[in-house]
Amino acid sequence: QVQLVESGGGLVQAGGSLRLSCTASGSIFSTNDVAWYRQAPGKQRQLVAGIRSDGTTNYADSVKGRFTISRDNAKNTVHLQMNSLKPEDTAVYFCNLWLYGTTLVLASWGQGTQVTVSS
């Protein structure tokens, strides 16, 4: 069973930056599409950014131009660079294997990493 571990969250002021990391228990990222999701209190989990196995990226409109998803296949890691953070970015962030074009994921959810943006 694939295990995903998210890290890099924290408390930051509005306008600041954070870099999240997602690592997996096996060498699976190079052959799978991977996405970052977030869930704010009282809201449904939503896709934030995705990167396909060919390197193509997709972003939610709310983060375009501010967030960048990237992958390091050698380290089996996917990153989410978040710049110009806003209080509305506050949420628990998760990564997962993304079934492109659907809302489905292919692995169990990890613990996530908390991102809190203060105004």
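The model is a predicted one, so local features need pLDDT of at least 70 and side-chain atom pairs count only at pLDDT 80 or more, while totals for chains, interfaces and linings use all residues. Residues are numbered from 1 along each chain as its sequence is written, and side-chain values use heavy atoms, with hydrogens and water left out.

Salt bridges come up first. The term stands for a side-chain nitrogen of Lys or Arg within 4 Å of a carboxyl oxygen of Asp or Glu. Counted this way, there are four salt bridges. One of them joins the side chains of D33 and R52, at 3.2 Å from N to O. This pair ties together distant parts of the chain, 19 residues apart: D33 sits in the loop between strand 3 (18-24) and strand 4 (34-39), and R52 in the loop between strand 5 (46-51) and strand 6 (57-59). Strands here are DSSP runs of E, at least two residues long, numbered from the N terminus. As for cover, buried means under 20% relative accessible area, exposed means over 50%, and partly exposed is in between (1.4 Å probe, protein chains only). D33 counts as buried because its relative accessibility is 11%, whereas R52, at 27%, counts as partly exposed.

Next comes D89, which has a relative accessible area of 0% and is therefore buried. The side chain of D89 meets that of R38 in a salt bridge of 2.9 Å, N to O. Here too the pair links distant parts of the chain, with R38 in strand 4 and D89 in the loop between strand 8 (77-82) and strand 9, 51 residues apart. R38 has 6% relative accessibility, so it counts as buried.

D89 also forms a salt bridge with R66, and the closest N and O atoms are 2.8 Å apart. R66 lies in the loop between strand 6 and strand 7 (67-72), 23 residues away from D89. R66 is buried as well, at 10% relative accessibility. Put together, R38, R66 and D89 make up a network of salt bridges.

On the surface, L99, L104 and L106 form a nonpolar patch with about 270 Å² of accessible area together. Patches take residues with over 30% relative accessible area and no salt bridge, joining like charges within 9 Å and nonpolar side chains (Val, Leu, Ile, Met, Phe, Trp, Tyr) within 5 Å. Accessible areas come from the Shrake-Rupley method with a 1.4 Å probe, and for residues only the protein chains shown count as cover. L104 is in the loop between strand 9 (91-97) and strand 10 (113-118), and its 49% relative accessibility is why L104 counts as partly exposed.

Conventions: Helices (H or I, at least four residues) and strands (E, at least two) are DSSP runs, numbered from the N terminus.
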